[in-house]
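Here are a few exercises to work through with the model open beside you. Try each task before reading its solution.

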Amino acid sequence: MTTDDARSDELQRALDDVRARITRACDAAGRDPGEVTLVVVTKTFPACDVALLARLGVVDVGESRDQEAGAKAAELAAGPGGASLRWHFIGQLQRNKARSVARYADVVHSVDRAELAQALDRGAVAAGRDLEVLLQVDLDDTGGTGDADGSAPRRGGADPADVAALAREVGSSSRLVLRGLMAVAPRDGDPAAAFARLHGLAQALREEHPQATWVSAGMSGDLEQAVAAGATHLRVGSAILGGRPPLQ
Ligand SMILES: *Cc1c(COP(=O)(O)O)cnc(C)c1O
């Protein structure tokens, strides 16, 4: 057996486990698993892992750094099966990277300010393609700016009070398609409460933007709570690919 085969088997088993968790969570919530999209977060893992996942039938992959994501998307596009992947950009995004991201991303989950929405729209216009976007909401009432000593990365996200204005900004763009909301559960809170709040914000958003039906919430550690609160997209990394080295 080659190392590729061994890695592929490992990924298949982990995918099966995660899909079983999603099915159980959907059963418990009385939901159809077909409503829930699994986005496999491949950040920090090599393009060959993404290629193996694509061969195992994974369509949606998530990345959080432009340089890494752009390189992987280019490598995968050149290989077999690459064209069928959907790239989700889920990380904090600087405005000067928006043009690059708009070239390869299909969905951007982390739009949290008007200037970023405008820059992504310009990038999508330049690339001649539509870009699906989610508004990232900051559910951390402690400020969401990371630990005071700077040891935790800033997670970003718009203030819930600013979501309606940001949604109108996206609605008036040329090439951005507003799909819904995204959030990361605060580190030291109850994920169920955070996701319930997100669900309420998503319902309010839909009153003005009926097509904005996606709710991106839930990661390896809290996907059950996210499914219970109505998430349509789960972003799962370490439970499928294994542990990542800590951020530099
Ligand atoms: C890394 C990351 C994930 C995946 O986290 P895991 O705990 O590895 O499943 C999900 N969402 C965002 C925004 C991330 O940066």
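**Exercise 1. Is Thr 44 buried, partly exposed or exposed, and what is its relative accessible area?**

Before starting, note that this model is predicted: local features need pLDDT of at least 70, side-chain atom pairs count only at pLDDT 80 or more, and totals for chains, interfaces and linings use all residues. Residues are numbered from 1 along each chain as its sequence is written, and side-chain values use heavy atoms, with hydrogens and water left out.

Step 1. Recall the classes: buried is under 20% relative accessible area, exposed is over 50%, and partly exposed is in between (1.4 Å probe, protein chains only).
Step 2. Thr 44 has a relative accessible area of 39%, so the residue is partly exposed.
Step 3. Now place Thr 44: it sits in the loop between strand 1 (37-41) and helix 2 (47-55). Helices (H or I, at least four residues) and strands (E, at least two) are DSSP runs, numbered from the N terminus.
Step 4. Check the backbone too: the phi of Thr 44 is near 75°, a positive value in a residue other than glycine.

**Exercise 2. Describe the surroundings of the ligand.**

Step 1. List the shell, taking residues with a heavy atom within 4 Å of the ligand. These are Val 41, Lys 43, Ile 90, Met 182, Val 184, Met 219, Ser 220, Arg 235, Val 236, Gly 237, Ser 238 and Arg 244.
Step 2. Sort the shell by class: six residues are nonpolar, three polar and three charged. Here Ala, Val, Leu, Ile, Met, Phe, Trp, Tyr, Cys and Pro count as nonpolar, Asp, Glu, Lys and Arg as charged, and the others, Gly among them, as polar.
Step 3. Look for pairs of N or O atoms within 3.5 Å. A polar side-chain atom of Arg 235 is 2.9 Å from a ligand nitrogen. For ligand oxygen atoms, there is a side-chain N or O atom of Arg 244 at 2.8 Å and a backbone N or O atom of Ser 238 at 2.8 Å.
Step 4. Consider the cover: the ligand alone exposes 390 Å², and the protein buries 86% of that. Such areas come from the Shrake-Rupley method with a 1.4 Å probe; for residues, only the protein chains shown count as cover.

**Exercise 3. How many residues does the largest nonpolar core have, and which have the most contacts inside it?**

Step 1. Define the core as a set of buried Ala, Val, Leu, Ile, Met, Phe, Trp, Tyr and Cys residues joined through side-chain atoms within 4.5 Å.
Step 2. The largest has 67 residues, and Val 108, Leu 120, Leu 131, Leu 135, Leu 234 and Ile 240 have the most contacts inside it.
Step 3. Helix 1 (residues 3-29) gives the most to this core, with six residues.
Step 4. Zoom in on Leu 120: leaving out residues up to four places away in sequence, its contacts (heavy atoms within 4.5 Å) include Leu 93, Val 108, Leu 131 and Leu 176.
Step 5. A second, separate core has five residues, among them Val 107, Leu 134, Met 182 and Trp 214.

**Exercise 4. Why does Asp 112 count as buried, and which side chain does it join in a polar contact?**

Step 1. Asp 112 counts as buried because its relative accessibility is 10%.
Step 2. Asp 112 belongs to the loop between strand 4 (107-111) and helix 5 (114-127).
Step 3. The side chains of Asp 112 and Arg 113 are joined by a polar contact of 2.8 Å. Within protein, one atom must be able to donate a hydrogen and the other to accept it, and residues adjacent in sequence count only if both atoms are side-chain atoms.
Step 4. A polar side-chain atom of Asp 112 also lies 3.0 Å from the backbone nitrogen of Gly 157.

Methods
A residue is near a molecule or strand if one of its heavy atoms lies within 4 Å of it.
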